[in-house]
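Morning, everyone. Please bring up the structure and keep the sequence beside it.

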Amino acid sequence: MLPSPLRAVSYLAPNLFWFYQAVIAYLERSLDIEICLAQAKYDPLADPALLQDQLDIAFICGLPFIRHYQVAPAQLQAVVAPVMQAERYQNQPVYFADVIVNAASEVRALEQLAGKTFCYNDLGSNSGYHLLWHRLFQKQYSRAFFSQTVASGSHECSIQWVAENKVDCAAIDSTVLEQAIRDIPGLSEQLRIIESIGPCPMPPIAVAQRLGKPFLQKLQARLLDPNLDLQLHMHQAGIHRFAVMDSQDYQPIAQLYKQALLKE
């Protein structure tokens, strides 16, 4: 017997929350269940609901997902992840970390960011923090590379700060950046991507294993064959399809994270 309502949370960027609402509405109709969706108020690895296995469905970044999975492998399981429409994704469930500067900046390459100000969404972010540092460490740079690092609190805020010249650069999840460009007229003219790091596996839709394998398989099947209404929302979000994912697909992210930590 499934709990009612199921409890769902999004730990992802709020500018796509409308899409996660559409996914949940579709699952409610197609599975004949009730689901309550909320935007997370906590970092995932500090969320009491996640730590106590009280969440049923999570839209979650790959890095916190795999870090949680490594200590609690019997809780959440990756089920599917989006495949974006743009050609750069090559019909695979991946994303990039796009390193952006203001369009008026003289910076054209990563090396020219030495001594500049870098802003990040949060310290646990793969796209906004760890991927860039891993790339810099590969190039033999140290933590002293930037003159200052500041937390913005979100990818959207980081984008705004770069566009307004409040900071010199940021690393942004490519799918979040693309949605921001769709949402904000003229934004693309205010920014320049100087490097794209990746690809990495897309943030999964993860489901509690305690709900049972038959339910997980049924939910997965529904998302692999969306109805016309969800297809419309997917198109508006730049999503081509959903792909089957396994929790082990996110282990490479964990390896990059460990390598970056070793350099600190």
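I will go through the pocket, the cavity, the aromatic rings and one lysine.

A word on the source before that: this is a predicted model.

Start with the open space. The largest pocket has a volume of about 680 Å³. Its lining counts 41 residues. Which of them lie nearest the centre of the pocket? Those are Tyr11, Leu12, Ala13, Cys61 and Asn121.

Now the elements around the largest pocket. Four helices each supply at least two lining residues: H1 (17–31), H3 (62–71), H5 (155–163) and H6 (174–183). By class, the pocket lining divides into 25 nonpolar, ten polar and six charged residues.

How many cavities of 30 Å³ or more does a search of the whole structure find? One. The largest cavity holds about 50 Å³ of space. Its lining includes Cys61, Gly62 and Leu63, along with Tyr95. Ser125, Asn126 and Ser127 line it as well, and so do Asp173 and Pro203. Helix H3 and helix H4 (126–138) are the elements that give two or more residues to that lining. Four of the cavity-lining residues are nonpolar, four are polar and one is charged.

Note Cys61. It is among the residues nearest the centre of the largest pocket, and it also lines the largest cavity.

On to the rings. The structure holds 17 aromatic pairs. Take Trp18 and Phe19. Why is this pair edge-to-face? The ring centres are 6.1 Å apart and the planes meet at 75°, and over 60 degrees counts as edge-to-face. Phe19 is buried, because its relative accessible area is 3%, under the 20% cut-off. Trp18 has 28%, so it is partly exposed.

There is also an aromatic cluster. Phe118, Tyr120, Tyr129, Trp133, Phe137, Tyr141, Phe145 and Phe146 form it together. Arg143 lies over the face of Trp133, at 4.3 Å from the ring centre.

Last item: Lys258. This residue lies in helix H10, residues 251–262. Is Lys258 buried or partly exposed? Its relative accessibility is 42%, so it counts as partly exposed. Now look across to His134. Lys258 and His134 are 124 residues apart along the chain. Their C-alpha atoms are separated by 9.7 Å.

That is my tour. Thank you.

How values were computed
Residues numbered from 1 in each chain as written. Predicted model: local features only at pLDDT ≥ 70, side-chain atom pairs only at ≥ 80, totals over all residues. Heavy atoms only, no water. 1 Å grid on protein atoms, 1.4 Å probe; cavity = no way out; pocket = protein on both sides within 12 Å on 5 of 7 lines; lining within 4 Å. Points joined across faces, edges and corners; volume = space filled by probe spheres on them. Nonpolar A, V, L, I, M, F, W, Y, C, P; charged D, E, K, R; others polar. Phe/Tyr/Trp six-rings, centres within 6.5 Å; stacked < 30°, edge-to-face > 60°. Buried < 20%, exposed > 50% of the residue type's maximum accessible area, 1.4 Å probe, protein only. Lys NZ or Arg CZ within 6 Å of the ring centre and 35° of its normal.
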